[in-house]
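Thanks for coming. I will take one structure and go through it part by part. Please keep the display open while I talk.

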Amino acid sequence: MNVTITPAKLSGTVTPPPSKSQAHRVLIAAALGSGASTVSNVAFSQDIEATINCLENLGAHFVRDGSTVTVQGMGANPMSPLRRMAYPRLDCGESGSTLRFLIPIALAVRGGGIFSGRGRLMERPQKPYFDLFDEKGIFHEQKDGLLTVTGMLTPGEYRLPGDVSSQFITGLLYALPLLDGDSEIVLTSNLESWGYIDMTLEALQWFNVHIEERKNGWFIPGNQLYKPHSLTVEADWSQAAFWYAAKFLDNPVELFGLNWPSAQGDRAIDGFFRRLSQMKDTGLDVSNCPDLVPPLAAMAALRPGCTTHIGNAARLRIKESDRLASVTAVLKALGADVAEGPDSLTIRGKEALHGGVTVDSFNDHRIAMMAAIAATRCVKPITITGAQCVAKSYPDFWEVYERLGGKIQKSE
């Protein structure tokens with residue numbers, strides 16, 4: 001689907017959709033438990049659908065009632081009969097979280113699995129896992145778009161970098177408590193995206209799994225059981241960031257429903273918004289919140305006379321698109337002054353963007369939403385191709401955009 005946007009002001013109130021990152025984590029914890037958990041305020045984005053489908057194939061059961069899900073857990077434990085079943089086939093869609101979270105979980109629960117995905121997912125690196133698996137004698141093979149992992153995940157020490165992706169750490173934090181002995185995760189480099197680990201530890205605690213923080217990692221007692229818990233998923237700061245950007249670009253949009261003491265690292269958007277509003281040259285370190293770069297870049301592009309340097313963003317090259325390249329390509333096409341570095345963007349702000357072009361979404365939900373927000377400050381209409389990709393994380397984004405006064409026309 002293509003969307004053509006005629007520049008217009010957005011105004012009104014928005015409650016961001018439920019947090020995708022939190023929903024992944026609590027649904028997985030509920031699925032590993034014994035008994036029923038109720039999770040409310042779930043948005044069934046493509047990524048969450050992928051996680052639910054995979055968890056069902058692993059042995060959990062889900063019943064939906066509107067935005068509420070009752071999860072009958074699989075009762076994962078070191079002696080579970082699930083280990084004697086055939087390796088599950090797990091289609092992760094385009095969700096990096098689903099894939100990386102569930103690789104060690106599948107090993108712990110079923111002795112392995114056969115993973116597949118779409119888009120760029122199966123090209124995204126898994127080296128931290130593969131290095132561990134080679135060390136521990138776990139078979140892994142990536143061939144013809146499938147990743148097969150089989151073997152016994154055993155208690156012990158797990159050394160891995162903290163600056164590649166926090167998703168590898170999260171996957172192990174879920175799986176290692178299920179083993180029949182104690183384990184330790186030792187970081188070999190500084191931890192980035194610490195907010196996502198905080199979210200993981202919070203979810204584990206809710207489901208009665210105990211992790212002890214150590215100087216360079218975590219100690220994980222074995223033989224733990226996930227216990228049922230019921231909760232409501234909070235609003236998503238990652239998606240709120242796009243409405244922060246809209247507000248920054250002189251659209252009178254007000255946000256409601258956010259949890260201010262949230263563990264979500266992307267709540268940093270509020271502080272970044274305030275810094276960018278000072279209208280002076282500034283540098284932003286996004287090592288702990290790389291998903292904020294597209295809305296931050298849209299804001300920076302329209303700070304007339306000010307230069308913004310967005311740094312420590314190398315991991316954006318292995319997202320749904322190479323986001324440093326795709327952010328640059330889209331904003332430059334709209335008329336922004338953007339220079340791309342190996343792990344950074346340098347943006348010199350302008351009064352307005354000329355628009356009048358067709359831009360590619362790169363099949364990346366955050367790029368499509370960035371372009372839509374930037375369009376409000378273009379002189380001429382723009383067209384975004386592949387705009388249906390917002391369904392990956394924000395299925396009703398275009399409906400909300402129209403409700404706020406956005407002028408869009410959809411075409412195939």
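I start with the largest pocket, whose lining consists of Tyr244, Lys247, Val253, Glu254, Leu255, Phe256, Gly257, Leu258, Trp260, Asp270, Phe273 and Arg274. Before more detail, a word on the source: this is a predicted model, in which local features need pLDDT of at least 70 and side-chain atom pairs count only at pLDDT 80 or more, while totals for chains, interfaces and linings use all residues. Residues are numbered from 1 along each chain as its sequence is written, and side-chain values use heavy atoms, with hydrogens and water left out.

What do I mean by a pocket? On a 1 Å grid over the protein atoms alone, a pocket is an open set of points with protein on both sides within 12 Å along at least five of seven lines; a cavity is a set of points where a 1.4 Å probe fits but cannot get out; lining residues have an atom within 4 Å of a point. Grid points are joined across faces, edges and corners, and a volume is the space filled by probe spheres set on the points.

By that count the largest pocket holds about 190 Å³ of space. At least two lining residues come from each of helix H7 (237-248), strand E15 (253-255) and helix H8 (269-276). Helices here are DSSP runs of H or I with at least four residues, strands are runs of E with at least two, and both are numbered from the N terminus. The pocket lining splits into 7 nonpolar, 1 polar and 4 charged residues. For these classes, Ala, Val, Leu, Ile, Met, Phe, Trp, Tyr, Cys and Pro are nonpolar, Asp, Glu, Lys and Arg are charged, and the others, Gly among them, are polar.

Now the cavities. How many of 30 Å³ or more does a search of the whole structure find? There are 4. The largest cavity has a volume of about 370 Å³. It is lined by 29 residues, and those closest to its centre are Ser97, Gln167, Tyr196, Asp291 and Lys319. The lining of this cavity has 5 nonpolar, 11 polar and 13 charged residues. H1, H3, helix H5 (166-175) and helix H11 (365-374) each give at least two residues to that lining.

Helix H1 covers residues 20-32, and Gln22 lies in it. Is Gln22 buried or exposed? Gln22 counts as buried, because its relative accessibility is 3%; buried means under 20% relative accessible area, exposed over 50%, and partly exposed in between, with a 1.4 Å probe and protein chains only. Leaving aside neighbours within four places in sequence, Gln22 is in contact (heavy atoms within 4.5 Å) with Met199, Glu202, Trp206, Thr232, Val233 and Glu234.

E8 and strand E9 (residues 146-150) run antiparallel and are joined by 5 bridges. In that pair, Lys143 stands opposite Leu146 of E9.

The loop between E8 and E9 contains Asp144. Asp144 has a positive phi of about 55° although it is not a glycine. Most residues other than glycine have a negative phi. Asp144 counts as exposed, because its relative accessibility is 72%.

Ser193, in the loop between E11 and helix H6 (194-206), also has a positive phi, near 55°. Ser193 counts as buried, because its relative accessibility is 1%.

Last, another open sheet of 4 strands has the order E16-E17-E19-E18 and mixed pairing. Its edge strands are strand E16 (282-285) and strand E18 (337-340), each pairing on one side only. E16 runs parallel to strand E17 (residues 307-311), with 4 bridges between them, and Leu284 stands opposite Ile310 in E17.

Methods. Two strands pair if DSSP finds at least two bridges between them.
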